[in-house]
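I opened the model to look up how its parts meet, and I kept these entries as I went.

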Amino acid sequence: MVHWTDEERQAISSTWAEINVEEVGHQALARVLVVYPWTQRYFSTFGNVSNATAIAGNPKVRAHGKRVLDALGDAITHLDNVKATYAKLSQLHSEKLHVDPENFRLLGETLIISLAAQFGAVFTPDIQAAWQKLLAVVTAALSKQYY
Amino acid sequence: MSLSAHDKELIVKVWTKISPKAAQIGGDALGRLIVVFPQTKIYFSHFADLSPSSPQIKAHGAKVLGAIGEAVSSIDNVSASLSKLSELHAYNLRVDPVNFKLLAHTLLVSLSAALGAEFTPEIHLAWDKFLAIVAAVLSEKYR
């Protein structure tokens with residue numbers, strides 16, 4: 001079981017309270033698609049995702065970003081049992097979606113960068129560290145059901 | 001992976017914009033590195049103060065970003081401009097190359113925090129590629 005300090009819980013929940021889930025989800029997902037363009041392979045049904053402008057304006061990307069961040073909200077609500085919370089999601093990503101787990105790490109990175117863009121210096125090293133830990137736990141949980 | 005003309009333009013544009021605050025951004029990036037990836041502190045065991053606010057950490061971060069700035073000025077030949085540093089890292093410092101990726105990440109976070117919405121996905125992409133090239137050049141002579 002993951003041990004969370006009070007400071008870490010506080011860092012995560014206080015940041016989470018301030019973000020617009022749809023906006024940040026869109027930003028983080030758009031960044032993944034632009035910065036690591038090979039990830040576009042998973043979104044062939046989304047229409048035009050071939051360049052930054054198309055990605056920024058694509059409503060399916062926006063909707064999907066929100067969906068992903070809503071799921072992150074679930075993890076935050078169940079910080080003491082992310083693995084169980086994500087068991088079905090992990091299975092889905094492995095068996096149906098066939099997503100390389102490396103992508104969970106990439107999205108975690110772009111989410112951190114999106115948070116930094118929004119919060120600036122308020123996103124301190126300690127707060128960043130708590131979020132990196134959260135995203136590492138999320139990545140591990142999502143990768144768990146792969147075989 | 002190589003830099004397009006557009007990538008180079010974006011990299012230089014950002015450098016010009018941030019160079020007055022380069023010392024502070026470099027210090028911030030190294031401070032984030034040692035907090036978020038505490039294993040990296042082993043390379044600084046000779047520093048008296050290993051907190052992110054440590055003057056030694058800030059000075060060293062400034063130095064690192066300064067060197068990256070030199071590479072930006074010679075963006076068409078990063079290998080030549082970082083040649084001495086490449087040897088230093090290979091023969092003296094021998095920092096495990098995995099750490100170049102970690103610092104690249106915290107540097108991107110610091111740039112993002114400093115530039116906000118101006119740190120667009122395209123700029124993020126160009127800098128991510130550039131830092132990967134810098135990392136490759138620094139590890140070039142390791143073996």
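**Where the chains meet**

I began with the contact between the two chains, which takes 19 residues from chain B and 19 residues from chain A, counting contact as heavy atoms within 4.5 Å. This is a predicted model, in which local features need pLDDT of at least 70 and side-chain atom pairs count only at pLDDT 80 or more, while totals for chains, interfaces and linings use all residues, and side-chain values use heavy atoms, with hydrogens and water left out. I noted that residues are numbered from 1 along each chain as its sequence is written, and that chains are lettered from A and ligands numbered from 1 in the order in which they are written.

I then looked up the area: chain B and chain A bury about 1700 Å² between them, with 66% of it on carbon and sulfur atoms, where buried area is the accessible area (1.4 Å probe) that two parts lose on being put together, summed over both. Of the area that chain B buries against chain A, B:Arg32, B:His105 and B:His124 supply 30%, more than any other three residues. For salt bridges (a side-chain nitrogen of Lys or Arg within 4 Å of a carboxyl oxygen of Asp or Glu), the count between chain B and chain A is zero.

**A glutamine at the contact**

Which residues does A:Gln128 touch, not counting those up to four places away in sequence? I found A:Ile112 and A:Phe123 in its own chain, and B:Arg32, B:Val36, B:His105, B:Thr106 and B:Val109 across in chain B. A:Gln128 lies in helix α8 (residues 125-143) of chain A, helices being DSSP runs of H or I with at least four residues, numbered from the N terminus. A:Gln128 is buried because its relative accessible area is 0%, and buried means under 20%, exposed over 50% and partly exposed in between (1.4 Å probe, protein chains only).

**Inside chain A, and one loop in chain B**

I next checked A:Leu106, which lies in helix α7 (residues 102-119) of chain A and, with a relative accessible area of 5%, is buried. Leaving out residues up to four places away in sequence, A:Leu106 touches A:Val32, A:Tyr36, A:Trp38 and A:Thr39.

Last, I looked at B:Lys21, found in the loop between α1 (5-18) and α2 (22-36) of chain B. B:Lys21 counts as partly exposed because its relative accessibility is 35%. Its C-alpha lies 22 Å from that of B:Phe100, which is 79 residues away in sequence.

Notes
Helix = DSSP H or I, 4+ residues; strand = E, 2+ residues; numbered from the N terminus.
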